[in-house]
Amino acid sequence: MQSTDWDDLRVFLAVAREGALSAAARALGVNHSTVLRRLGALEARMDVRLFDRLPTGYAMTLAGESLRDRLRGVEEQIDAAQRQLSGLDLRLSGTVRITTTDTLLIGLLGPLLAEFRALHPGIQLQLVVNNSFLSLNKREADVAIRPSNAPPDYLIGRRAGRIQTAIYASKAYLKAHARSKALAEHDWVAPDEGLSHLAQAQWLRAHIPADRIAAQVDSLSGMAQLVRAGVGMGLLLCMLAERHKELVQVEPPSEALDTQVWVLTHPDLKDVARIKAFTDFIHARLAAHEMVLDMPRRAARGWQKA
């Protein structure tokens, strides 16, 4: 039995149910010779006669009845499983609710989401842009694409890369403050209290006097806009800052400020076809963008001369 092909067993069950080769062939959608060949091969492999060949049809032997009883219900279970799996493969439809940050959406995800939709037009995407984790336990979202060095342990997923952070300022700001040499003497754009857990906020608290904070913003992309406008220096994500020619990297990225990027979901959702299709796709694409996530480290520019 261990080496028996399931198709041979299906042929056996069809003959047992129909009582004739021709009727079994019609039920299985194959020709008469296929049924005869498979049934003969099964009997030879098991070294037992399963049917008596009678002028009125095929009658099961005691061995055949024993095999039929052992297989009772198995055919229905296998057929049901095949239907379910086929349906999951073919029916990639429904909604995937995604939570992510504005920085990832602006910096990376937009084109990737468009590409996924082109591949799977039956799947609708809902985006919740938020700087805090939504509860995937409460189904506030199906998938989280988040920068985090400590993702919640109740979620499962894979690390897709990391984002680097460096100190930036606009050329206009540096030109106006060329005499200020020490970082602590400059004006700064900082994350607000809602982002106080970020490494950037912790670095600023440790190195920059509170009275040098010129502005606070509740998003990292918003910080980049104020730094571009010349409000002050800021710890910006390299993937956002490097696309703006008016920004100058004051110091190279610090590994202590690196942030991992994760694609996460709830364990109960990991095998849902549309969720798996999305998480597999987005992880592969983000991993392929490693050179975007991991900006090349380089020596500090001569920002005081800009």
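Tutor: Helix H3 covers residues 32–46, and its 15 residues should span 21 Å at 1.5 Å a residue; the end C-alpha atoms lie 22 Å apart, which agrees. The expected span is 1.5 Å times one less than the number of residues. Helices (H or I, at least four residues) and strands (E, at least two) are DSSP runs, numbered from the N terminus. The model is predicted: local features need pLDDT of at least 70, side-chain atom pairs count only at pLDDT 80 or more, and totals for chains, interfaces and linings use all residues. Residues are numbered from 1 along each chain as its sequence is written, and side-chain values use heavy atoms, with hydrogens and water left out.

The buried residues of H3 are Thr34, Val35, Leu39, Leu42 and Glu43. They cover an arc of only 155° around the axis, so they sit on the same side of H3; the arc is that of the directions from the helix axis to the C-beta atoms. Exposed Arg37 and Ala44 are on the face of H3 turned away from its buried side. Buried means under 20% relative accessible area and exposed over 50%, with partly exposed in between (1.4 Å probe, protein chains only).

The buried residues of H3 pack against helix H1 (6–18), helix H2 (21–28), strand E1 (51–54) and strand E2 (57–60), where contact means heavy atoms within 4.5 Å. Just after H3, Asp47 has a positive phi of about 55°.
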